[in-house]
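Let's take a walk through a protein chain together, one stop at a time.

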Amino acid sequence: MCNRVVIVGGGQAGAQATMSLRQWGYEGEIILLSEEEHLPYQRPPLSKAYMKGEMSEERLYLKQSDWYEQHNVSVQLSTAVEAIDRTDKTVLLDNGKQLSFDRLILATGSRPRNLSMDDVEGLGNIFTLRGMKDVTLIKPLMKAGQKLVILGAGYIGLEAAAVARQLELDVTVLEMAPRILARVTGPEISAFYTAEHSRQGVDIKTHTALKTVKGLNGSISSIILDDDTELQADLLLVGIGVLPNEELAKDAGILCDNGIVVDEDACTSDPNVYAIGDCARRPLVHYSRTGRLESVHNAIEQGKLAAASILGRDRPKEECPWFWSDQYDLKLQIAGLSQGYDETVVRGNLEERKFAVFYLKNGQLLAVDAVNAAPEFLVAKKLIPLGIKLEPHLLGDVSVSMKEFLPK
């Protein structure tokens with residue numbers, strides 16, 4: 001019998017597990033532990049509308065405090081877990097208290113990779129962008145004319161670059177790879193977004209690494225590139241990826257491999273412990289491999305999987321992975337995972353800023369990147385799990401409705 005579920009982590013995944021447990025009739029205790037001082041909130045708007053000042057803090061919250069009270073959920077904020085005792089089924093909190101559990105859900109998330117150089121120690125105005133606290137620190141400094149250098153041209157870095165340009169900062173983006181978004185998209189999308197950011201006034205430098213930083217009066221003043229070029233910098237935003245917060249599980253003897261290893265029910269190597277969200281390495285059922293996914297969809301889906309397993313419900317249907325990114329007036333929607341593709345098909349016109357790039361392998365659709373092209377995204381999201389083969393010449397023909405590709 002499961003009388004108490006303890007959830008470690010107050011992000012999207014932990015919140016979803018909480019909501020699903022109550023929605024599906026769980027009547028036992030739920031204790032939600034979060035290191036942050038805020039109730040669970042949405043993270044995607046942090047680098048977009050919230051940073052720009054178009055979204056209030058109140059609107060970030062997934063549920064208001066009265067929801068947790070009404071549903072008898074004990075939320076303990078500013079509380080960290082220091083250790084898991086799997087034998088006694090307890091967790092040790094940083095305040096010295098212990099909590100017992102019948103089932104434990106680890107939703108510990110991920111943390112930004114930090115710069116590994118001594119020169120940044122003690123310097124101010126160097127930021128990462130992961131939580132509300134990060135935006136609170138950097139937001140007052142995002143003023144017109146300030147020189148912002150962004151290290152890393154992934155989604156977070158480019159979204160921040162777009163907001164900064166709209167706020168009239170001078171923006172330089174540094175990327176070690178040959179092209180931006182190289183880890184997550186194909187060359188067509190990389191080239192399109194490079195051109196868009198350049199048109200908006202962002203200086204993008206690929207094949208470029210940061211060598212060191214210089215400070216003045218306790219804050220960053222300039223950066224030195226690997227070719228010894230020196231650039232002025234009032235602010236440095238580091239967006240070079242994240243690491244899964246797996247240490248708590250690993251120290252408890254739970255299997256980890258660049259993430260806490262889980263099965264299709266989000267259960268770890270300990271049958272009483274689940275892991276969900278960014279911290280979990282899960283089966284990617286549509287791709288016959290495992291991996292970590294850093295997305296809202298993944299957090300929600302795994303929260304539901306864990307809750308269903310705890311309650312003995314049928315496993316919820318798993319969608320293909322999907323993501324999105326808002327930059328300027330461009331909405332990029334991604335369905336699937338494009339790794340391993342051998343052919344791309346472009347549908348639509350890049351100059352009209354409404355198009356999609358499909359990624360295929362042996363004629364089978366693996367993924368799509370859709371820019372201001374919702375029908376292509378929505379249909380592809382349905383097609384990918386089916387594993388059917390498509391005719392590339394038809395896929396690229398805009399006179400053929402996307403609905404025609406769906407099985408009758």
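In which helix is His-197 found? His-197 is found in helix α7, which covers residues 187-199. Before going further, a word on the model: it is predicted, so to speak of a local feature we need pLDDT of at least 70, side-chain atom pairs count only at pLDDT 80 or more, and totals for chains, interfaces and linings use all residues. Residues are numbered from 1 along each chain as its sequence is written, and side-chain values use heavy atoms, with hydrogens and water left out. Helices (H or I, at least four residues) and strands (E, at least two) are DSSP runs, numbered from the N terminus.

Back to His-197. Is this residue buried or exposed? His-197 counts as buried, because its relative accessibility is 0%. Here buried means under 20% relative accessible area, exposed means over 50%, and partly exposed is in between, using a 1.4 Å probe and protein chains only. What surrounds this histidine? Contact means heavy atoms within 4.5 Å, and, leaving aside neighbours within four places in sequence, His-197 is in contact with Leu-158, Ala-161, Ala-162, Val-202, Ile-204, Gln-327 and Tyr-328.

Leu-237 lies in strand β16 (residues 235-238) and counts as buried because its relative accessibility is 3%. Setting aside neighbours within four places in sequence, the contacts of Leu-237 include Phe-127, Ile-138, Leu-148 and Ala-160. Ile-223 is found in strand β14, and this isoleucine is buried too, with a relative accessible area of 0%. Among the residues that Ile-223 touches, not counting those up to four places away in sequence, are Val-149, Leu-174, Leu-210 and Ala-233.

Met-142 is found in the loop between α5 (132-138) and β10 (147-151), yet Met-142 is buried, with a relative accessible area of 8%. Not counting residues up to four places away in sequence, Met-142 touches Met-51, Ala-164, Leu-167, Leu-169 and Leu-235.

Now compare two other loops. Glu-168 sits in the loop between α6 (155-166) and β11 (170-174) and counts as exposed because its relative accessibility is 54%. Its phi is near 70°, a positive value in a residue other than glycine. Asp-228 lies in the loop between β14 (219-225) and β15 (230-232). With 49% relative accessibility, Asp-228 counts as partly exposed, and its phi, near 75°, is a positive value in a residue other than glycine.

What lies inside? In soluble globular proteins, nonpolar side chains tend to be buried together. A nonpolar core is a set of buried Ala, Val, Leu, Ile, Met, Phe, Trp, Tyr and Cys residues joined through side-chain atoms within 4.5 Å. The largest one here has 96 residues, of which Ile-105, Val-171 and Phe-358 touch the most other members. Helix α6 gives the most to this core, with seven residues. Apart from this core lies another, of 23 residues, including Val-8, Ile-84, Phe-101 and Leu-248.

Our last stop is a pair of helices. Two packed helices are described by the angle between their axes and the distance between the axes. Helix α1 and helix α9 (residues 296-311) pack at an angle of about 40°, with their axes 8 Å apart. That makes α1 oblique to α9; angles under 35 degrees count as roughly parallel, over 145 as roughly antiparallel, 65 to 115 as roughly perpendicular and the rest as oblique. The axes are lines fitted to C-alpha atoms, for helices over the stretch in contact, and angles run from 0 to 180 degrees between N-to-C directions. Among the residues making the contact are Ala-13, Gln-16 and Ala-17 of α1, together with Ala-299, Ile-300 and Gly-303 of α9. Gln-16, in helix α1 (residues 12-23), is buried, with a relative accessible area of 9%.
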